Amino acid sequence: MTIKLMQGNEACVEGALRAGMRFYAGYPITPSTEIAEIASVELPKYGGKFIQMEDEISGMAAAIGASLTGIKSMTATSGPGFSLKQENLGFAIIGEIPCVVVNVQRGGPSTGLPTAPSQGDIMQARWGTHGDHSIIALYPNSVREIYDTTIRAFNLAEKYRTPVILLLDEIIGHMREKIEIPDDSEIEIINRKKPTCSPKEYKAYKVKDGDMVPEMAPFGSGYRFHVTGLVHGETGFPAGSDKSESLLNRLIRKIEDNVDDICTYDEYMLEDADTAIVSFGCTSRSAIAAIKNLRKEGYKIGMFRPITIWPSPEKKLIELSKKVNRIVVVEMNAGQYFLEVDRIAGKNTQVEKYGRLNGEIITPDEIISVIKEGHNA
Amino acid sequence: MKRKEFRLSGSGGQGLITAGIILAEAALFDGLNAVQSQSYGPEARGGASKAEVIISEEEIDFPKVTDCDVLLSLTKLSCDKYISGLRAGGILIIDESIEKPERDDIITYSLPILKTAVTTLNKPMVANIIALGIINQITKIVSKESLEKAVLSRVPKGTEELNIKALKEGFILAR
């Protein structure tokens with residue numbers, strides 16, 4: 001175990017390298033630039049490749065291409081670039097190509113507030129690319145958690161053959177704090193399943209009985225297959241609408257049926273709570289400070305913090321909604337995750353939102369007054 | 001030790017973020033917790049720049065300064081902007097070129113930080129390290145050994161001697 005002062009964006013690269021990232025393609029954009037910068041310095045030391053592409057779209061495309069050759073790849077961006085990556089993100093979903101897409105969020109829409117924090121891409125992460133699909137998006141709240149969560153993003157991408165989105169906050173991405181780098185024994189690394197059959201028998205999108213994720217051969221290894229954004233059959237070649245329902249359902253179900261494996265969360269002081277804050281990323285740190293103070297004054301309050309933000313930790317939120325009489329969703333946007341929490345928990349309890357759009361972090365004092373204002377003693 | 005909040009402010013390019021990183025790292029060397037963050041405008045140089053450092057024995061939840069204990073300002077613009085955030089009883093350290101703000105509830109140190117960098121050390125860019133020496137001499141927030149070690153770990157190769165000199169000039173100025 002090594003202790004270091006590390007920046008969030010740096011921890012993302014360190015975690016990625018530990019997970020086995022050997023390719024990075026991207027286009028620098030504030031506040032994610034350090035990820036590209038550090039990857040460009042570090043990757044060659046591991047025998048990996050870094051490439052600065054001509055734009056955001058090709059950055060995503062190159063990450064996908066590299067992954068098809070059997071290499072773990074990543075790209076990083078911020079709001080405007082995340083918009084541009086959406087088309088290829090959909091390609092990675094339907095082509096079942098594992099990769100990690102980091103979005104260090106900033107104020108939007110468009111170029112918005114380049115240097116200021118925002119949590120405004122929650123819904124874009126879920127529905128930014130068109131068509132029916134499911135998605136995995138993770139949302140850490142500290143430098144150490146960025147390290148761990150980046151490793152997990154690669155593991156989930158490999159296990160479920162899907163792109164995984166890592167949502168970071170500008171505040172945590174640019175912040176430096178103490179990090180204890182875990183020993184190898186504490187870290188699990190998952191690699192994609194490779195085919196056991198001969199190249200002749202290989203069908204790139206054939207799923208074995210009882211499984212939902214096809215085996216993936218690396219391009220250039222003698223296993224020949226076709227990858228397309230069109231609806232396809234087991235061989236990977238375009239197929240008609242008769243294949244659409246079963247393919248799309250499998251792509252959705254391989255994620256939604258494994259929510260228990262995918263979803264991670266943190267429960268803070270909820271044991272006896274009658275009021276719960278739902279919060280994530282930097283805002284959850286304000287919430288913890290607020291809860292510590294409110295507890296001193298006798299308030300029975302706690303926090304539910306999704307670390308896997310998509311798919312939703314639906315079971316846990318239902319459980320919570322039956323336990324507390326008030327949920328306040330605190331997020332640095334106009335109320336995006338609130339929509340999801342209200343959908344799930346709104347039948348059983350009162351769900352409120354508190355947010356802001358001015359590029360300033362929500363403070364503990366603000367949260368304290370919101371909680372007190374609506375509190376029925 | 002309870003949570004202590006530092007704000008280092010000035011103009012973009014003065015090295016205040018580097019100074020913040022060094023202070024935070026020195027705190028880690030002393031076995032404390034530290035969080036360093038910053039805010040800046042879209043421009044690369046000029047404009048207002050601030051680095052924030054929070055040091056505590058406890059876990060640091062909220063990562064930003066709310067009740068500033070120590071404010072360093074190297075420009076009038078940044079002093080005007082952040083002076084209201086300095087708590088009553090807090091410490092203000094300003095370059096002597098800045099007019100003392102009208103507050104009688106704080107302790108103000110007006111010192112020739114920028115001039116010392118230019119005239120004594122012939123390097124305007126070490127003003128940040130001089131300021132660090134001053135901050136630590138006044139607050140004793142970290143040990144001298146840790147601060148020196150942190151300076152050496154974060155400054156460019158070949159400038160170690162110059163920066164240690166700058167740090168010591170800071171200690172002397174604040175005596």
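**Entry 1: two helices in chain A**

I began with a pair of helices in this predicted model, and I noted that α1(A) and α2(A) are oblique to each other. I looked up the numbers behind that: the axes of α1 (residues 8–19) and α2 (residues 33–42) of chain A come within 8 Å and cross at roughly 45 degrees.

Which residues make the contact? From α1(A) I listed Asn9(A), Glu10(A), Cys12(A), Val13(A) and Leu17(A). From α2(A) I listed Glu34(A), Ile35(A), Ile38(A), Ala39(A) and Glu42(A). Sorted by class, this contact of α1(A) with α2(A) has six nonpolar, one polar and three charged residues.

**Entry 2: the domains of chain A**

Next I checked how chain A is divided. The domain assignment gives domain 1 (2–186) and domain 2 (265–373) of chain A. I found 26 Å between the centres of these two domains of chain A, taken over C-alpha atoms.

**Entry 3: where the chains meet**

Then I turned to chains A and B. Their contact takes 18 residues from chain A and 18 residues from chain B. On the side of chain B that touches chain A, α1 (16–29) and β2 (33–40) of chain B each supply at least two residues. The largest share of that side, seven residues, comes from β2(B). I counted its classes too: nine nonpolar, six polar and three charged residues make up the side of chain B that touches chain A.

What is the bridge partner of Glu177(A) in β2(B)? I found that it is Val35(B).

**Entry 4: one sheet, two chains**

I traced the strands one after another. Eight strands form an open sheet with mixed pairing, in the order β1(A)-β8(A)-β2(B)-β3(B)-β1(B)-β4(B)-β5(B)-β6(B). The edge strands are β1 (2–7) of chain A and β6 (107–111) of chain B, and each pairs on one side only. From one strand to the next, the twist averages 20 degrees.

I picked one pairing inside chain B. Strands β1 (residues 4–11) and β4 (residues 68–73) of chain B run parallel and are joined by four bridges. Here Phe6(B) stands opposite Val70(B) in β4(B).

Last, I looked for helices on the sheet. Helix α6 (residues 143–160) of chain A packs on it and touches β1 and β8 of chain A, with a direction at about 50 degrees to that of β8(A). Helix α1(B) packs on the sheet as well, touching β1 and β8 of chain A together with β1, β2 and β3 (48–56) of chain B. The direction of α1(B) makes about 5 degrees with that of β3(B).

Terms used. Residues numbered from 1 in each chain as written. Chains lettered and ligands numbered in written order. Predicted model: local features only at pLDDT ≥ 70, side-chain atom pairs only at ≥ 80, totals over all residues. Axes fitted to C-alpha atoms, helices over the stretch in contact; angles between N-to-C directions. Parallel < 35°, antiparallel > 145°, perpendicular 65-115°, else oblique. Contact = placed C-beta atoms within 7 Å. Nonpolar A, V, L, I, M, F, W, Y, C, P; charged D, E, K, R; others polar. Domains from an automatic or database assignment. Pairing = 2+ DSSP bridges.
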